[in-house]
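Thanks for coming. I will go through one protein chain this morning, and you can follow along on the screen.

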Amino acid sequence: FSSHDGWKHGNITGDFSNVVVQAPSSSAKAGKVDLNFPTIIHATEVEIENKDVKIDLPSVSFKSILQKKNHWAVNVVKTKKIFITQSGQRIFSADSVLVAGSEFTRKSQPMIASVEIFEPEIFLFDGANETVAQKERAALPMPKHLVLHPGIIHLSDKKRVSFGKLQGDIKAGTLKCAFLRFETQRMHVRINGVSIQRRNLAMDALHLAPNEAWFKANNLEGDLIKADLYGIHIKSFYKGDFNKFNLSKNLTVSLENFEVDVKRDKRQEDPPVIEKPPTLDGLLQLPEGLELKSVDIKRGKLRYTETSEKTAADGVVTLEDVFARLEFDTTRSPSPVQTMKVQAKLYNAGLLDLHYATIDSSSFNLALQLKNFDLTNLNHIVVPLQSLQIKSGYLNHYNLDVIADKEKAVGTAVITYKNLHLEIFKPTEPEKRTLGTELLTLLADGIILKHSKKNAVAPVEQSRLKHKSVFNYWVKSAVHGAMGAIRKGKSK
């Protein structure tokens, strides 16, 4: 150990082994310390303990150490490997950490200009396991600039979230993350281009893909959903300071574009019978504390494919140019859907307009209109699934208005169409016509069903299948309402 002109003006050099610094509630140990003050201090085999938290630093260096009037400044702190454990359980590790521009004083928290972390792994506890030490760490000073290179967050349920390069500016209140990737039991999820700026959250894209291994293993009938959402914006996502993050209430969300592909195979086994909500309460299962005011969808495409259990053929329904607005009941938490308005083109042809309003938790009003539609487009769904073909037909307009509860939907249907002609065939031999199919076609085409009707009105009464979704309730009401108006409807 040698000193020249002391701490303030000179330099101090020395080599130390098995260094121990003890305080009432904490301690620090180092296997070796190489001192060349103020240029550099390098230590190896460092262990720091504070209550139940332990930090292991195989190698750490402090460079350019300066004493100013009332504080110390360290230009660079660099570690090679870092491991943090709590009560013997790892909560953080990284390949290396680089801290630049630190200032320390006894009277206030340290000031840190920037922190850069390489290959971080973060291990989260259940909320029930949160200790005083964790709460203290939450109050640690945040650096002005933070960079996390690609890493992993390990969740308490043994799942994990992978993330791309993350950059944050605490003073400016901005955060950017290249991507987030994780899995649920049934879905693969990837979010690209996450950013927070001026308290607004944006995502370039959200991709959802079915975990087909789970569906194959369970072999139950269900919806395989593949979704790509683009240009997601959430205004005023948080309140308070950036480093004391609190979710805002009454969030507004906008979505620039989406493509959703839903597939259902009716040949698979039926899932367990579970009663589902009769309204849109279950449409968006929001986390506790997250409350939405509105969601606006500016454009999108929805495709639904159903495989017949009888013919193994695929029936397809498509909605193009989907525009939608959802408004939520902000008096309840989490916020349920209060109203929904949708406009779309059915098979990129007929104009569909749908209005939904929740009356209470078990009832709703549904009004829809479909107009200017070539009915032969429906062959995409009726030919594979119903052994029926629409030879011709044009829908001027179809209106449905019902009030529905958990038991049934009641209302009226009004329809105007012309030149409707049908053909019925055997599902196994659609190209062959027999006496039986000829007779059924004759009965359906012109005797039971009229070729044309104008403003034909019929009552609608549709029972609810309690184990089916609210969307199934809507479709059943709309289809049966239309068929009732075609078969029995009387003109005004």
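Let me start with an aromatic cluster: Y356, F364, F471, Y473 and W474 form one group. Keep in mind throughout that this is a predicted model.

Now the overall picture. The protein chain has 492 residues, and 39% of them are buried. It contains 6 helices and 30 strands. Take the contacts between residues at least 6 apart in sequence: 53% of these join residues at least 24 apart. The chain exposes about 28300 Å², with carbon and sulfur atoms supplying 54% of that area.

Back to aromatic rings. How many aromatic pairs does the structure hold? There are 8. A pair of this kind is described by the distance of the ring centres and the angle of the planes. I will show two of them.

One of the 8 pairs is F37 with W72, whose ring centres are 6.0 Å apart and whose planes meet at 65°, so this pair counts as edge-to-face. W72 is partly exposed, at 31%.

The other pair is Y347 and F373. Their ring centres are 6.4 Å apart and the planes are at 15°, so the pair is stacked. Y347 lies in the loop between β24 and β25, while F373 is in strand β26, so the pair ties together parts 26 residues apart in sequence. Both Y347 and F373 are buried.

There is also a charge over a ring. The charged end of R190 sits over the ring of F179, 4.4 Å from the ring centre.

L378 is in the loop between β26, residues 363-374, and α4, residues 379-386. Which residues does L378 contact, leaving aside its neighbours within four places in sequence? They are Y347, F373 and I390. The C-alpha atoms of L378 and V317 are separated by 8.1 Å, although these residues are 61 apart along the chain. L378 itself is partly exposed, with a relative accessible area of 24%.

Moving on to helix α4, its buried residues are N379, I381, V382, P384 and L385. What do these residues pack against? They pack against three strands: β22, residues 301-307, β23, residues 314-328, and β27, residues 388-404.

On the surface, V475, V479 and M483 form a nonpolar patch, with about 250 Å² of accessible area together. V479 lies in helix α6, which covers residues 470-488. V479 is partly exposed, at 43% relative accessible area.

Last, some backbone details. The peptide bond from F37 to P38 is cis, with omega near 5°. P38 sits in the loop between β3 and β4.

Which phi values are positive in residues other than glycine? A312 is one of them, with phi near 65°, and N419 is another, with phi near 55°. A312 is in the loop between β22 and β23, whereas N419 is found in strand β28, residues 408-424. A312 is partly exposed, with a relative accessible area of 43%. N419 also counts as partly exposed, at 44%.

That is the end of my slides.

How values were computed: Residues numbered from 1 in each chain as written. Predicted model: local features only at pLDDT ≥ 70, side-chain atom pairs only at ≥ 80, totals over all residues. Heavy atoms only, no water. Helix = DSSP H or I, 4+ residues; strand = E, 2+ residues; numbered from the N terminus. Buried < 20%, exposed > 50% of the residue type's maximum accessible area, 1.4 Å probe, protein only. Contact = heavy atoms within 4.5 Å. Areas by Shrake-Rupley, 256 points an atom, 1.4 Å probe, with all protein chains shown as cover. Patch = residues over 30% accessible without salt bridge, like charges linked within 9 Å, V, L, I, M, F, W, Y side chains within 5 Å. Salt bridge = Lys/Arg side-chain N within 4 Å of Asp/Glu carboxyl O. Phe/Tyr/Trp six-rings, centres within 6.5 Å; stacked < 30°, edge-to-face > 60°. Lys NZ or Arg CZ within 6 Å of the ring centre and 35° of its normal.
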